[in-house]
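Please open the model in your viewer and keep the selection panel at hand. The tour moves from whole chains to single residues.

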Amino acid sequence: MKTFETFLLLGLIICAFSVTFTKRMLTAIVIYMSYSLIMSVIWVILQSPDLAITEAAVGAGVTSILFFVTLKKINGVKENSDNEQDQG
Amino acid sequence: MSRIRDNYENSRAAKFEAWLRGDYDPMSEGMEISVPKTDGSDDEIDPRAGLVISDALYDRHTNKALKRSGYVYRVLSVVLCLVMISVLLWMVQFLPKFGQPDNPANNEVSARYIEKGVEETGAVNFVTGMILDYRAFDTFGESCVLFIATICVQILLRIDKDDMTPATFRRRKESETDRLLEPKNDIILQRVSVVLVPFLFIFGIYIILNGHLSPGGGFSGGAVIGAGLILYLCSFGYKQTERFFTIRTFRIVSLVALITYCLAKSYSFYTGANHLESHIPLGTPGNILSSGLILVLNICVGSVVACTMYAFYTLFRKGDF
């Protein structure tokens with residue numbers, strides 16, 4: 001259990017750092033989602049399943065969907081960014 | 001006297017008169033950005049079309065001031081971040097150790113919650129008993145905050161159907177094209193949501209109704225139901241959801257839930273403060289119909305949260321229900 005907990009906490013730190021260093025917004029949102037999922041597992045380990053359900057539904061689900069919609073509204077999703085990177 | 005007469009154009013009285021007539025705005029004088037006047041003719045023009053920013057402004061090799069300030073900002077942000085991190089870490093070592101019996105959190109309040117919680121609230125799940133009975137006033141504030149948040153999003157993003165000004169017209173058109181671009185009748189999404197959505201609804205209702213018995217409660221269950229509604233909307237489109245969920249439904253459900261919560265809790269606060277008997281049976285702890293008002297309050301909070309989640313999504317997507 002101790003190793004599993006350490007593994008999850010390390011995952012949190014890795015997610016937090018990789019969010020700041022990603023160039024693409026879409027990737028950042030997906031990493032944010034995974035952060036919330038790891039966090040909900042940690043809530044279960046800390047014996048608060050109420051928070052785990054809320055974190056999984058709100059943090060990983062609804063908030064990320066709202067982020068996706070906002071990104072689409074401001075034309076932040078680049079469909080063929082690989083090609084652009086090749087050209088530039 | 002004559003000098004004052006000459007300067008009448010710039011005097012306060014003249015400005016006030018012009019403001020009354022509507023051709024002078026005192027707010028726009030001191031501002032660097034002035035609002036361009038629109039005259040109904042530019043319905044088709046993209047709002048970003050006239051805005052041309054030369055690349056030299058953001059080019060660090062030509063714009064020396066930007067280069068310098070960029071370095072300063074970077075160094076300052078790193079220093080500020082490190083200072084914040086070190087202050088927080090420094091404060092953490094003054095916190096009491098985790099799980100010690102003489103921690104300040106283990107005072108008479110939590111002792112009373114644990115010893116008399118089931119007896120006084122009738123809820124087997126302590127957390128719900130605390131949230132919706134001892135501290136129900138906080139939860140009422142949270143529900144109101146959610147409702148106010150929805151109203152603010154409506155103020156910012158809602159598109160009025162009767163409003164025919166060019167800006168609204170453009171936004172409506174934008175949201176319509178946004179809806180046209182989405183993948184409609186996606187077979188994978190539809191098949192998955194046909195299986196998933198009923199289970200999501202039932203799971204959410206289960207969490208809400210069992211809030212006083214098992215982990216969960218109004219907020220979590222409402223969020224699960226809201227997520228199910230959003231999934232259904234994503235896969236089947238607005239026409240299908242508008243058969244059972246419109247802005248009218250949102251209004252009625254939110255209003256009824258908030259008023260029920262308010263009245264129920266006011267009653268128990270009134271009786272509690274005046275040392276009266278509340279006459280609400282607590283029932284046997286462990287049954288579904290137990291723990292007095294907590295079940296009703298859970299249902300209220302859950303419906304408000306579910307409606308709010310769905311309202312957020314639709315307002316972000318198309319600015320309307």
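The stops below follow one another as selections.

**Before starting**

This is a predicted model, in which local features need pLDDT of at least 70, side-chain atom pairs count only at pLDDT 80 or more, and totals for chains, interfaces and linings use all residues. Residues are numbered from 1 along each chain as its sequence is written, while chains are lettered from A and ligands numbered from 1 in the order in which they are written.

Colour the model by pLDDT, the predictor's confidence in each residue, from 0 to 100. Chain A has a mean pLDDT of 82, with 84% of its residues at 70 or more. For chain B the average is 78, and 80% of the residues score at least 70. The complex as a whole receives an ipTM of 0.78 and a pTM of 0.70 from the predictor.

**Stop 1: chain A**

Four helices and zero strands are present, where helices (H or I, at least four residues) and strands (E, at least two) are DSSP runs numbered from the N terminus. Read from the N terminus, the order is α-α-α-α. Of the 88 residues in this chain, 18% are buried; a residue is buried if 20 or more other C-beta atoms lie within 10 Å of its own, exposed if 12 or fewer, and partly exposed in between, with C-beta atoms placed from the backbone.

Two residues are in contact if their C-beta atoms, placed from the backbone, lie within 7 Å. Among the contacts in chain A with a separation of 6 or more, 42% involve residues 24 or more positions apart.

Next, select A:F4, which lies in helix α1 (residues 2-21). A:F4 is exposed, because 10 other C-beta atoms are within 10 Å.

Proceed to A:Q47, in the loop between α2 (25-45) and α3 of chain A. A:Q47 has a positive phi, near 60°, and is a residue other than glycine. Most residues other than glycine have a negative phi. Is A:Q47 buried or exposed? With 9 other C-beta atoms within 10 Å, A:Q47 is exposed.

Finish this chain at residues 81-88, where pLDDT stays under 50. For that stretch the model has two contacts beyond four places in sequence.

**Stop 2: where the chains touch**

Show both chains and select the residues in contact between them. Chain A supplies twelve residues and chain B supplies 17 residues. On the chain A side, eight are nonpolar, three polar and one charged. Here Ala, Val, Leu, Ile, Met, Phe, Trp, Tyr, Cys and Pro count as nonpolar, Asp, Glu, Lys and Arg as charged, and the others, Gly among them, as polar.

**Stop 3: chain B**

Now select chain B, which has twelve helices and zero strands. Of its 321 residues, 22% count as buried. Contacts between residues at least 6 apart in sequence join residues at least 24 apart in 71% of cases.

Select helix α4 (residues 108-121) of chain B, which has a kink of about 55° centred on B:E115. The bend at a residue is the angle between axes fitted to the seven residues ending there and the seven starting there. Just after α4(B), B:G122 has a positive phi of about 80°.

Move on to α9(B), in which 15 of the 19 residues are buried, so this helix is largely enclosed by the rest of the structure. Just after α9(B), B:G237 adopts a positive phi of about 90°.

**Stop 4: the core**

Which residues have the most contacts inside the largest nonpolar core? They are B:A223, B:M309 and B:Y310, in a core of 46 residues. A nonpolar core is a set of buried Ala, Val, Leu, Ile, Met, Phe, Trp, Tyr and Cys residues joined through C-beta atoms within 7 Å. Elements giving two or more residues to this core include α3 (49-73) of chain A and α9 (218-236) of chain B. The largest share, 16 residues, comes from α12(B).

Select α12(B), residues 294-318: 23 of its 25 residues are buried, so this helix is largely enclosed by the rest of the structure. End at B:Y310, which touches B:G226, B:L229, B:I230 and B:F245, not counting residues up to four places away in sequence.
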